[in-house]
Amino acid sequence: MHFLRDLTKAQLVEAFQEGFDANAPDKAGQAASFAKMLALVPDVKESDTMTFTYTPERGTTLLVDAKELGTFAGKGFADAVFSIWLGATPPSEDLKQGMLTGR
């Protein structure tokens with residue numbers, strides 16, 4: 001994600017939590033790891049990037065700009081995180097389509 005404006009940690013955590021609650025396929029199983037991830041989310045400034053990368057052998061890695069903040073094991077965690085934006089009720093259909101098409 002490339003941020004077009006400054007956002008506080010609280011704003012990001014609230015948005016991520018809403019998306020997780022609305023879309024995650026295994027909320028109960030991923031809640032503890034998700035809470036640990038939310039604790040790592042910082043304030044972001046305009047033009048910052050936040051990247052979530054899943055690799056089977058490592059898990060889901062969270063980076064802000066080039067700084068690695070943490071890695072979370074398991075495909076279930078990746079499914080829960082990516083469902084925030086790609087699930088049945090994303091924050092916006094435009095965002096979902098942009099993430100799927102790279103636009």
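What is the volume of the largest pocket? In this predicted model, the largest pocket has a volume of about 420 Å³.

**View 1. The lining of the largest pocket and its centre.** A total of 18 residues line the largest pocket. Of these, Met1, Phe3, Leu7, Trp85 and Leu95 are the residues that lie nearest its centre. Sorted by class, the lining comprises 12 nonpolar, 4 polar and 2 charged residues.

**View 2. Helices H1 and H3 at the largest pocket.** Helix H1, spanning 9-23, and helix H3, spanning 75-86, each contribute at least two residues to the lining. The largest share of that lining is supplied by H1, with 6 residues.

**View 3. Lys96 in helix H4.** Lys96 belongs to helix H4, which covers residues 93-101. Its relative accessible area is 16%, so Lys96 counts as buried, the cut-off being under 20%. When neighbours within four places in sequence are set aside, Lys96 is in contact with Trp85, Leu86, Gly87 and Pro90.

**View 4. Lys96 and Trp85.** The two residues are separated by 11 residues in sequence, and their C-alpha atoms are 5.7 Å apart in space. Trp85 is among the contacts of Lys96 and is also one of the residues nearest the centre of the largest pocket.

**View 5. The side chain of Lys96 and the backbone of Gly87.** A polar atom of the Lys96 side chain lies 3.1 Å from the backbone oxygen of Gly87. Gly87 is also one of the residues in contact with Lys96, as are Leu86 and Pro90.

Terms used:
Residues are numbered from 1 along each chain as its sequence is written. This is a predicted model: local features need pLDDT of at least 70, side-chain atom pairs count only at pLDDT 80 or more; totals for chains, interfaces and linings use all residues. Side-chain values use heavy atoms; hydrogens and water are left out. Helices (H or I, at least four residues) and strands (E, at least two) are DSSP runs, numbered from the N terminus. Buried means under 20% relative accessible area, exposed over 50%, partly exposed in between (1.4 Å probe, protein chains only). Contact means heavy atoms within 4.5 Å. A polar contact is a pair of N or O atoms within 3.5 Å; within protein, one must be able to donate a hydrogen and the other to accept it, and residues adjacent in sequence count only if both atoms are side-chain atoms. On a 1 Å grid over the protein atoms alone, a cavity is a set of points where a 1.4 Å probe fits but cannot get out, and a pocket is an open set with protein on both sides within 12 Å along at least five of seven lines; lining residues have an atom within 4 Å of a point. Grid points are joined across faces, edges and corners, and a volume is the space filled by probe spheres set on the points. Ala, Val, Leu, Ile, Met, Phe, Trp, Tyr, Cys and Pro count as nonpolar, Asp, Glu, Lys and Arg as charged, and the others, Gly among them, as polar.
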